[in-house]
Amino acid sequence: MNIFSSIKELLSTLKREHELLTEMFEKRKTLSYKYDFALELVDFDEERIQYLINHLVIRKNGPYLEIDDQFLQFFEMVLEVNEEINISYINENIQNVKQNILYYLQENSENRKYNYLRAVKAAFRKIGLITLRNVVDLKRNVENTFKNEPNYKVKKAKLENLDRKRIDINLLIDQTERLISEEEQTFFRSALDEELKQIIIHTRLQLNDCRHNLIEIQKQVIEYLNQIKYQSGIIEKIRQIKYLKDQFEIRSKTNLIEVFAKNNAVIFEPNPSYQFKLSLNYLQTDDGARKSIEKISKRVNQSVRFDLPIAENISDEYLETQIEEEIQINLEEVKNGFIASGKHLFEFVMGYDFAKEIPFDERVTIYCQLASQYEAVFNVTEKFNAQREIEYAVVYPR
């Protein structure tokens, strides 16, 4: 077994293998992660995987790999996705506070007293944060257990166990409050500075939020347990009725027929059907209606055949060929004529004889098209002229 020699080595290793660790962490709840899958993420370099195994970042179990517990717990705690509720952390920090307070009161050296005071501050910060996370995890576990656990007995046992953890967290919150308010008054009067004061206030606010959330969790657990009890009772009755039905004793040993005869619940009534007609416009334009019609047509065997009416003859007028001519302007031909003309471009375009009548505005457009398309063969000067309130650049052929 090897250990990391420095923080730098640890961080560089995690950075280098971040793709593999990310993939394994996302699939941590699956039963196995194959060694072959990991090889693909490390470019089939087995030494990189062996390096992680030697440094206890991951563990190998036959052909499978999994993240080591200490790193897995670290990732879950930092990312706040831990589902395990561990109240021992809170109790350890409370005991840590008491021990460091005792050391502080018995110490004469100011430097060592400051170290104990700093440890007390860190412990109080951890108490508030860890308690809050445990309450959040507790609430999430209660909801997940009720919604996802299929076995009623296991579901009830899990909820009762979570409720006991709720009680333990509440007791630790009360213990922390007594520690601050009653038990260590001498320490807080002698060592209270501004930072410790702010930490205590913030911790009390966090614990107060936790206490209110625990009350809501208690109500939720009670409601879930009552629902489980009610549902399990219904299931037990259904099982008894099923047993009597299988034994052909349901009529002789129960009054089920009389109960059904007196019950006028809507559930025993046939479902009413209401016929309504859809508009032709909706059927012709809506894609969903078309798909529904196609599905219905596949299910229905249509045995009746309809004779389609024969359309009338098409009029000869619709079959006559009509020709429409349109004159297109050949810019290449205009460009060649301009190069041979010796005039500037605007003057040439205004006087050019096109095959059809071209108004002034369209001739300006043709000038712009020629100037932009054949810029490489034209010489655009810095001289400008104007005509009919239009200012244009004087362009000559190169």
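The model is a prediction, in which local features need pLDDT of at least 70 and side-chain atom pairs count only at pLDDT 80 or more, while totals for chains, interfaces and linings use all residues. Residues are numbered from 1 along each chain as its sequence is written, and side-chain values use heavy atoms, with hydrogens and water left out. Helices (H or I, at least four residues) and strands (E, at least two) are DSSP runs, numbered from the N terminus.

Helix H7 covers residues 110–148 and helix H8 covers residues 152–183; their axes come within 10 Å and cross at roughly 160 degrees. H7 is therefore roughly antiparallel to H8. Here, axes are lines fitted to C-alpha atoms, for helices over the stretch in contact, and angles run from 0 to 180 degrees between N-to-C directions. Angles under 35 degrees count as roughly parallel, over 145 as roughly antiparallel, 65 to 115 as roughly perpendicular and the rest as oblique. The crossing of H7 and H8 is left-handed, a term used if the near helix is turned anticlockwise from the far one by less than a right angle, with right-handed used if clockwise.

The residues of H7 that meet H8 include Phe124, Ile127, Val135 and Leu138, and those on the H8 side include Leu159, Leu162, Ile169 and Ile173. By class, this contact of H7 with H8 has twelve nonpolar, five polar and three charged residues. In this scheme, Ala, Val, Leu, Ile, Met, Phe, Trp, Tyr, Cys and Pro count as nonpolar, Asp, Glu, Lys and Arg as charged, and the others, Gly among them, as polar. Contact means heavy atoms within 4.5 Å.

Thr145 belongs to helix H7. With a relative accessible area of 12%, Thr145 is buried (buried means under 20% relative accessible area, exposed over 50%, partly exposed in between, with a 1.4 Å probe and protein chains only). Once its neighbours within four places in sequence are left aside, Thr145 is in contact with Lys155, Lys158, Leu159 and Leu162.

The axes of H8 and H10 come within 9 Å and cross at roughly 160 degrees, so the two helices are roughly antiparallel to each other. Their crossing is left-handed. Sorted by class, the contact of H8 with H10 has 15 nonpolar, five polar and nine charged residues. Gln198 and Lys155 are 43 residues apart along the chain, and their C-alpha atoms are separated by 42 Å.

An open sheet of three strands has the order E1-E3-E2, with antiparallel pairing. Strand E1 (33–34) and E2 stand at the edges with a single partner strand each, so one side of each has no neighbour in the sheet. E2 and strand E3 (residues 64–67) run antiparallel and are joined by four bridges; two strands pair if DSSP finds at least two bridges between them. Asn61 has Tyr64 in E3 as its bridge partner. Helix H4 packs on the sheet and touches E2 and E3, its direction making about 105 degrees with that of E2. The hairpin of E2 and E3 has two residues between the strands, and Gly62 there takes a positive phi near 70 degrees.

Leu56 lies in the loop between helix H4 (46–54) and strand E2 (58–61). Although Leu56 is not a glycine, it has a positive phi of about 60 degrees. Leu56 counts as partly exposed at 29% relative accessibility.

Strand E4 (residues 378–387) pairs with strand E5 (residues 390–397) in the antiparallel sense over seven bridges. E4 and E5 form a hairpin with two residues between them. Arg388 is placed in the loop between E4 and E5 and has a positive phi of about 50 degrees although it is not a glycine. At a relative accessible area of 61%, Arg388 is exposed.
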